[in-house]
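Let's take a friendly walk through a protein chain, one piece at a time. Have the picture open as you read.

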Amino acid sequence: MLRRFFRPAKAPIAGAVEPSTPKEVKRMHARRVVLYHARNTLAKLSWIFYPIGIVWLLLLPRDEFHHKAAVDENALLPGQTTKYFSSMDMYAVTTYRQRVNELAGESRNAADYAAFIQNELKSFDIDASTQNFLWATNTDTVAGANAYGVYRAPRGDGTEAIVISAPWIGGDGKVNAEGVGYVLAMAKFVTKFSHWSKDFVFLVTQPSPIGTRAWLEAYHGQAPKPDAALQYDPLQTHSGAIQEALNLEFGDEGDYAAVEILVDGLNGQLPNADLVTTVVQCAQYEGIPVSLHQSVTPKSFNTPLARYLHKADTLVEYVKSQALGLPKGDHALYARYHIESITLRGIKDLPGTQYRVSGEQIGRALESALRSFNNLLERLHHAYWFYIMPTATSYIPMSVYLPPVILLSVTLIFESLAMWWRSGEDTNPRRPEKPARIMPVGGSADTSPPPTTAGTTLIARSRHLLSFNARVRPVFIPIVTMVICHATGAFALYFAPTLLFMADYGKINPLNMMTGTLVVTATIYGFMIPTLQRLLEGSGASTATAAPAWQVLKSFACLELGASLIALAMLNPSLSAFLAVFAVPPFLMARPCQDRFAAQMVALFVASPVGLVGCVAIAGGGLDVAWATVRQSVEGWDAYGAWLLPLICLVYWPLNLAAHVICGMED
Amino acid sequence: MGTGRPPAKRPPRPPLSAPLLLPLLCLLVTLLAPFARAAPSDETYEEDLQLTQLPDGKVLAEFRFLTRIGPAALAQVKENHYSLLPRAIGEIVQTFGVEELHLTFTRGIWNHQKWGYSPLSAATGVQLWTWFNVSSVDDQWKGLTHALSGLYCASLNQIDRSSTAEPMLSFRPEGDYEDDAAKDNLELRYGSLPHEAVCTENLTPWTKMLPCQTKAGIASLFNAYRLFDGHYHSMGTHIRPIAMNEGSARGMELLQTLSVVMNPLRLDNRKDWSLSTIFERKINSACAIAQKSDVTVTVSGHAGSSFNPAPLSTTTDKHGRMSAQYSLGSTPHELDVGVQWEDSAVDHHVNLTRSYIHVHRYQTGYGGERGGLAVDFHNRHPTADLQITYFETVPWYLKLYLHTLKAETTANASYEVVNDLYFQPAIDRGRPAVLEMALSLPANSMTTLHIDFDMAYIKYTEHPPDANRGFDIGAAVITFKPLDASPESSALQRIHTQTVLVSLPTPDFSMPYNVITLTCTLIALFFGSMFNMLTRRFVPVEAKL
């Protein structure tokens with residue numbers, strides 16, 4: 001069947017042109033040509049995605065990319081109910097605020113606070129209890145206590161619950177007197193009505209957010225491991241599956257300028273957009289300005305540039321907060337248990353605001369939001385879980401923000417492919433020659449028929465396709481390098497809490513530790529790897545038959561970093577973009593090269609974790625900020641399971657080391 | 001009946017003259033006239049309302065409507081002649097060979113910690129258990145659930161084979177039987193619908209079974225707006241065989257109960273209450289058919305309470321609770337009983353002396369793959385070890401692992417908590433897992449049972465078509481003999497745990513999900529061919545010539 005195509009075509013006319021090449025061969029040639037161009041283009045132009053991504057990211061603050069936030073779940077109907085929260089209930093809030101402040105002045109003992117909350121909740125006919133826990137930190141052991149109460153919905157079956165929580169001490173370090181007051185007043189308030197279909201759980205934690213973690217673990221029936229730093233009691237009473245959680249932080253005494261919403265939780269995980277939109281709309285129906293990252297978006301701007309800058313500023317704050325992924329409030333810890341949660345924080349000082357929010361407005365907004373959540377017959381699932389908020393009332397959907405983030409890192413994937421091709425093929429690939437028939441050899445005019453058919457039935461194999469051209473890819477050195485680098489990272493992760501402990505107790509200067517890290521880095525890429533290379537397999541330089549090892553290593557490293565960053569873009573786009581912006585250019589440039597060695601090293605160093613912390617120090621204003629960031633990321637991993645530290649130690653830093661090695665290798 | 005018989009049984013007298021006979025005949029007709037409707041003389045109907053103010057100020061109203069059918073009337077029922085017994089009930093009982101039937105519709109959770117135990121407490125949703133005396137029980141059970149479903153406008157027909165259990169230890173026949181052999185021949189089926197929304201559409205057919213419906217008697221208090229505004233609402237239908245007289249043939253008892261917990265504090269912020277404040281109705285007249293029509297008001301032994309209007313009599317029981325009796329028959333005017341208090345203090349504390357057993361069940365674990373069920377049994381009695389039976393049905397889509405069953409107690413590690421265990425593994429789509437245990441709870445201790453399960457990934461058609469939040473596991477039933485019961489009494493007390501809501505791994509059935517799925521499939525296909533092409537080397541193959 002196939003042979004038919006290779007048979008010489010019958011000459012239609014004598015003395016005609018060279019007969020056409022068979023179809024299969026043509027197709028094969030066409031593919032080769034396409035592939036040749038694709039490879040060439042990708043190898044040369046893969047960097048183009050990076051600037052496109054950067055430009056796209058810079059365009060994101062523009063209004064064209066923003067969608068107005070609307071509630072997708074019809075059952076929520078935010079703000080559509082009659083509200084009953086009155087001045088009498090506000091009186092309860094202020095009374096409790098005074099009592100909380102008095103108690104906070106009298107006692108430093110969390111158990112006393114919990115007992116107070118428990119007694120108050122019991123007086124409203126709510127099943128209240130306390131939970132004690134111990135948290136061993138590096139410096140001391142904290143004895144904490146949570147107080148909680150379950151209000152059973154009348155005629156409810158106790159299968160679903162909404163949590164209303166407040167930390168005793170807010171995120172700003174002040175006693176959260178009014179927040180606790182709102183929790184207690186709401187507890188008193190909800191017992192007056194029979195329209196609730198979900199239970200309410202009222203929770204006050206001290207200290208927080210570790211108390212919230214202890215409470216949530218115990219609520220879900222998880223016993224602490226015997227050697228864990230956090231030990232807690234089991235709970236006396238439960239409600240059903242918690243669906244939503246509202247966390248209240250009102251550390252001042254009334255007269256707030258705005259209510260701030262804190263949405264991003266641990267590891268930058270976000271609650272369902274409907275939860276955020278409902279809370280924002282309920283607040284706005286009551287005339288409360290809602291702020292995001294300490295700023296309220298004005299209704300109008302003087303110039304388009306001012307509009308752009310304002311939104312860019314909010315977005316940068318948003319990215320900073322999400323990228324770190326550390327718990328900023330009690331709401332942050334609920335996401336792991338599939339609970340949608342948000343923190344509302346009263347903001348007292350907001351530049352340029354005259355308006356003051358009354359407590360009743362806040363109370364009614366809370367009531368309104370609770371009524372909306374109470375309406376729900378199903379879990380929140382209609383709206384997105386992935387979005388970026390430039391203002392409190394708009395969002396950038398995933399389809400708009402994700403492409404630039406992926407474009408940044410996809411460069412690395414193409415670079416990896418290009419390196420793979422380069423290491424296996426000719427160093428200088430040429431355009432594939434057109435397949436031609438082999439000319440008959442030694443044919444004479446006497447013996448053979450007239451040359452109406454040029455050539456034989458055989459087709460010549462072009463020279464560049466010879467198997468001898470393909471080079472051997474050395475994989476041993478790259479794999480050993482990658483393993484050593486990753487092992488170093490794993491050690492760093494393992495010892496990070498210990499190092500922090502030493503820093504706390506032995507008063508090790510953070511600068512010394514950074515220097516130590518640098519020494520380790522230098523040892524690995526300057527001494528260990530080259531020595532191993534020499535010992536095991538020679539220099540790794542290219543020969544006539546073997547490709548240089550650095551190309552394969554770079555292919556591996558780029559592939560791993562690119563794939564990790566793209567996967568990370570789904571979960572935490574801010575962190576992915578932040579890392580990609582710094583890491584991609586030095587990775588693209590990395591190659592053994594004498595003249596640009598210093599520039600490469602500097603770029604790689606800036607992109608290394610130490611360099612990034614340095615950038616944070618420069619941008620954030622000092623070593624203290626940088627040190628606090630490091631410290632928080634270690635503690636976040638230790639206490640809450642934040643992924644930032646493992647990601648850096650297990651993926652990002654090892655690959656940065658590998659890139660250093662590439663620069664030090666031989667071509 | 002008692003007053004109806006003397007004329008008939010009157011001993012023979014000397015013959016009377018005709019002028020005297022006529023008035024006597026008239027008198028006889030007048031006397032017998034009220035009983036002409038209640039044709040067989042061995043049917044009785046009584047109603048009873050007990051109003052109890054609980055220590056936390058809530059008012060528990062328990063309505064009991066008791067119809068007793070004697071053997072004679074029961075024989076007539078078999079010939080399709082009905083008088084007091086509702087025809088719908090009678091037909092169901094006869095058609096499906098039902099010997100005993102217990103059906104409850106409940107909203108809310110009976111808070112036995114604060115309200116004590118009640119014989120009328122039931123599991124949230126619908127709970128049905130029936131004793132049959134026929135052979136093809138499964139068919140009869142199916143027919144029964146469908147018939148009751150139509151009768152009460154409920155989704156009882158959804159109790160299919162995969163949610164029907166046969167408990168072994170927890171339930172015993174409650175009626176009067178000839179002997180124990182008769183009891184042993186009965187077969188039991190148990191089913192529950194934890195997520196049934198009980199509402200007026202279930203109440204209306206239920207009230208239609210009452211002889212006076214809601215027109216007269218204590219049932220005239222049924223104001224659906226108020227009944228369904230309380231903290232707890234449960235209505236039940238209980239049928240059992242009874243022996244009316246010693247050694248005679250058995251009759252039938254139909255008991256309809258409704259209990260509702262109202263909160264006067266929430267309604268008008270006072271502890272004082274009366275029928276007109278909690279039901280917005282008064283009792284206008286007695287049901288003429290009822291032999292007995294009583295109202296009892298009970299308050300805990302708090303000083304400063306006064307009954308209004310003045311009761312016929314008051315009694316005080318051993319717990320110090322004071323009861324006031326009223327009778328509808330003796331009250332010519334409308335009755336609006338209530339209690340007034342001098343002080344408004346309420347007691348929210350848990351009553352440990354009256355509710356020494358407390359059971360708390362909850363789900364453990366998080367995530368959509370596996371989880372566990374934990375049950376805390378508190379025995380707060382200072383000295384007595386208590387024997388209880390724990391009965392749990394778990395739907396087949398939660399794969400229980402019996403080897404993970406753990407029983408731990410805070411009392412003494414060597415104490416044998418588990419006395420008996422019956423476990424029936426589930427069959428997918430066939431039957432639920434049944435776990436029944438006889439437990440012995442040490443005095444003053446907490447015992448925790450824990451069992452792990454995997455969540456099945458069920459077919460997409462098995463998810464409910466409407467908006468749903470997960471799957472409910474019905475309440476577990478804890479059965480025990482009350483401590484103050486006499487040794488020979490067979491009365492059992494039941495308490496029920498909360499319903500547990502389980503989120504199975506659920507695909508998001510919404511439109512974006514479909515789009516994502518489709519797009520990902522396309523991308524995967526495209527990626528495969530693209531990657532294949534990019535990494536392949538195109539080399540001519542030597543053709544065999």
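Leaving out residues up to four places away in sequence, which residues does Leu134(A) touch?

## Starting from one residue

Leu134(A) touches Thr141(A), Ala143(A) and Gln231(A), once residues up to four places away in sequence are set aside. Keep in mind that this is a predicted model. You'll find Leu134(A) in strand β2 of chain A, which covers residues 127–136.

Is Leu134(A) buried, exposed or partly exposed? Leu134(A) has 15 C-beta neighbours inside 10 Å, so it counts as partly exposed. For a sense of distance, look for Pro78(A): it sits 56 residues from Leu134(A) along the chain, and their C-alpha atoms are 40 Å apart.

## The whole chain

Now zoom out. Chain A has 667 residues, and 46% of them are buried. Its tally of secondary structure is 19 helices and 12 strands.

Contacts tell you something about the fold, too. Take the contacts in chain A between residues at least 6 apart in sequence: 80% of them join residues at least 24 apart.

## The sheet

Strands of a sheet pair through backbone hydrogen bonds, and they can do it parallel or antiparallel. In chain A, nine strands form an open sheet with mixed pairing, in the order β6-β2-β3-β5-β4-β7-β10-β8-β9. Why do β6 (230–232) and β9 (290–291) of chain A each have one side without a neighbour in the sheet? They stand at the edges, each with a single partner strand, so there is no neighbour on one side.

Further in, have a look at β4 (residues 160–167) and β5 (residues 199–206) of chain A, which run parallel and are joined by seven bridges. Ala161(A), for instance, has Asp199(A) in β5(A) as its bridge partner.

## Two helices that cross

Two packed helices are described by the angle between their axes and the distance between the axes. Helices α4 (residues 87–106) and α6 (residues 177–190) of chain A pack at about 135°, with axes 8 Å apart. That makes α4(A) and α6(A) oblique to each other, and their crossing is right-handed. Residues making the contact include Tyr96(A) and Arg97(A) from α4(A), and Tyr182(A) and Phe189(A) from α6(A).

Last stop: helix α8 of chain A, residues 273–285. At 1.5 Å a residue, its 13 residues should span 18 Å, and the end C-alpha atoms are 18 Å apart, so the two agree.

How many of the 13 residues of α8(A) are buried? The count is 11, so to speak a mostly covered helix. Among the buried ones are Leu275(A), Val279(A) and Cys282(A). Just after α8(A), Gly287(A) takes a positive phi of about 80°.

Conventions
Residues numbered from 1 in each chain as written. Chains lettered and ligands numbered in written order. Predicted model: local features only at pLDDT ≥ 70, side-chain atom pairs only at ≥ 80, totals over all residues. Helix = DSSP H or I, 4+ residues; strand = E, 2+ residues; numbered from the N terminus. Expected span 1.5 Å × (residues − 1). Buried ≥ 20, exposed ≤ 12 C-beta atoms within 10 Å, placed from the backbone. Pairing = 2+ DSSP bridges. Contact = placed C-beta atoms within 7 Å. Axes fitted to C-alpha atoms, helices over the stretch in contact; angles between N-to-C directions. Parallel < 35°, antiparallel > 145°, perpendicular 65-115°, else oblique. Left-handed = near helix turned anticlockwise from the far one by under 90°.
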